[in-house]
Amino acid sequence: MSALTVLAPPADQFRAPTPDELFNLPPIIPGVEWFTKPVLLALLSAVFVIGLCWAAFANPKVVPRGVQNVVEYGYMFVRDQVARPFLGKDADRWMGLLVTLFFLVLVWNIMGVIPLLQFPVASHIAFPAVLAISIYVLKVYLGMKHQGPWGYFKNMMFPPGLPKPIYVLLSPIEFLSNLIIAPFTHAVRLFANMFAGHMLLAFFSMVGFWFLFEKLSPLGAPVGVLGVVMTIILTGFEMFIQFLQAFLFAMLAAMYIGGSLHAEH
C-alpha cells in the first residue's frame with residue numbers, strides 16, 4: 001500500500017480542495033494544452049473592457065448617461081487617484097494605459113466571484129507577470145530616453161545630497177529594489193491576493209456544501225451553515241480586495257512611469 005493511499009482521507013470524510021485541483025485546469029479543447037479556462041476568461045475580459053469603453057465613448061454625450069456615466073466615474077477615479085498624484089502634467093498622456101490596466105485587472109479579479117465563471121484570472125502568475133514585465137520595460141525605456149542611460153542609473157543608484165560612504169550600501173540596494181524587486185512584487189502582490197482569496201472561497205463554499213448536502217447529520221448542519229455564512233462574508237471582502245488590487249496595480253504603474261519621466265522623483 002502506497003503512502004498516498006495511507007494518507008488519503010476516507011470517502012465519508014471532508015476533504016479540503018487542493019491548489020492543484022483549483023488552479024491546474026484541463027484544456028477546454030482536447031489537444032490544445034494552452035487553451036484553459038484562465039486563458040478563455042482573460043480573452044473574455046479583454047473583449048468586455050474593449051466593448052465597455054466602446055459603448056461608453058464611441059458616441060459620447062455632453063450629459064453622460066448609462067454606460068458612459070459609469071465608465072466616466074471610473075475614468076475620473078483613475079485620473080484623480082492614480083495618474084495625477086504621480087504624473088502631474090503628464091497624466092493625460094498616460095490615461096489610456098492606466099485606465100486600461102485598472103479596468104482589465106478589475107475585470108480579471110471580478111471573474112472570481114461571478115457565478116459559473118468563478119475563477120480570478122490574476123490567480124495564475126503568468127497573467128500579472130506579463131503586465132508587470134510590460135510596465136518594467138516601459139519604465140526602463142522612458143528612464144533612459146528622458147534621463148539618458150548613464151543619468152537614469154546615476155539618479156537611481158546615487159541620489160544626491162548623501163554622504164559618499166553611504167552609497168556603498170545604498171547603491172546596490174537601490175539597484176536591486178528598482179530593477180529586480182519592484183517588478184517582481186508588482187506581479188506577485190496581485191497574484192498572491194487573488195490566489196489566497198480563491199482558496200479561501202473554495203474552502204468555505206465546499207465546507208458549506210459538504211456538511212449540508214453530503215454529511216447529513218445534526219452535528220454537520222451547524223458547520224455547513226457556518227461555511228455558507230463565511231462564504232458570503234468572504235465574497236464581500238474579496239470584492240473589496242479585488243478593487244483594491246486593481247487600484248494598487250495601476251497606481252504602481254503610474255509611480256514607475258512618473259519616476260522614469262521625472263528624475264527628481
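## Ground rules

Residue numbers start from 1 along each chain as its sequence is written, and side-chain values use heavy atoms, with hydrogens and water left out. Since this is a predicted model, local features need pLDDT of at least 70 and side-chain atom pairs count only at pLDDT 80 or more, while totals for chains, interfaces and linings use all residues.

## Aromatic pairs

The structure holds 14 aromatic pairs. Rings of Phe, Tyr and Trp (its six-membered ring) pair if their centres lie within 6.5 Å; planes under 30 degrees apart are stacked, over 60 edge-to-face, and the rest tilted. One of the pairs is Phe 77 with Phe 102, a tilted one at 5.7 Å centre to centre with 45° between the planes. Phe 77 sits in helix H4 (residues 66–87) and Phe 102 in helix H5 (residues 95–110), so this pair ties together parts that are 25 residues apart in sequence. Phe 77 is partly exposed at 26% relative accessibility, whereas Phe 102 is buried at 2%. For those words, buried means under 20% relative accessible area, exposed over 50%, and partly exposed in between (1.4 Å probe, protein chains only).

Phe 203 and Phe 204 make an edge-to-face pair, with 5.1 Å between centres and 80° between planes. Phe 203 is partly exposed, its relative accessible area being 31%. Ring pairs also link Phe 77, Phe 102, Phe 103, Phe 243 and Phe 247 into a cluster.

Asn 109 is in helix H5 and is buried, with a relative accessible area of 0%. Setting aside residues up to four places away in sequence, Asn 109 touches Pro 120, Ala 122, Leu 190, Met 194, Gln 242, Gln 245 and Ala 246. Contact here means heavy atoms within 4.5 Å. Asn 109 and Gln 245 are 136 residues apart in sequence, yet their C-alpha atoms are 8.5 Å apart in space.

Gln 68 belongs to helix H4 and is buried too, at 5% relative accessibility. Apart from neighbours within four places in sequence, Gln 68 contacts Ala 56, Phe 57, Pro 60 and Lys 61.

Over in helix H9 (residues 220–261) there's Thr 231, which is buried with a relative accessible area of 17%. A polar atom of the Thr 231 side chain lies 2.7 Å from the backbone oxygen of Gly 227. Not counting residues up to four places away in sequence, Thr 231 touches Leu 201, Phe 204 and Ser 205.

The buried residues of H7 are Gly 151, Tyr 152, Met 156 and Met 157, and they pack against H6, H8 and H9.

Phe 158 lies in the loop between helix H7 (149–157) and H8. Phe 158 counts as partly exposed, at 34% relative accessibility. Leaving out neighbours within four places in sequence, Phe 158 is in contact with Phe 153, Tyr 167 and Ser 171. Phe 158 and Leu 170 are 12 residues apart in sequence and 7.9 Å apart from C-alpha to C-alpha.

## Cavity and pocket

On a 1 Å grid over the protein atoms alone, a cavity is a set of points where a 1.4 Å probe fits but cannot get out; a pocket is an open set with protein on both sides within 12 Å along at least five of seven lines, and lining residues have an atom within 4 Å of a point. Grid points are joined across faces, edges and corners, and a volume is the space filled by probe spheres set on the points. The count comes to one cavity of 30 Å³ or more, and the largest cavity has a volume of about 30 Å³. Its lining is made by Ala 132, Ile 135, Tyr 136, Lys 139, Asn 178, Ala 182, Pro 183, His 186 and Tyr 256. Helix H6 (126–147) and helix H8 (164–214) are the elements giving two or more residues to that lining.

The second largest pocket has a volume of about 370 Å³. Of its 16 lining residues, Gly 112, Gln 118, His 198, Ala 202 and Ser 205 lie nearest its centre. H8 and H9 are the elements that give two or more residues to this lining, and H8 gives the most, with five.

How values were computed
Helix = DSSP H or I, 4+ residues; strand = E, 2+ residues; numbered from the N terminus. Polar contact = N/O pair within 3.5 Å; in protein donor to acceptor, adjacent residues only side chain to side chain.
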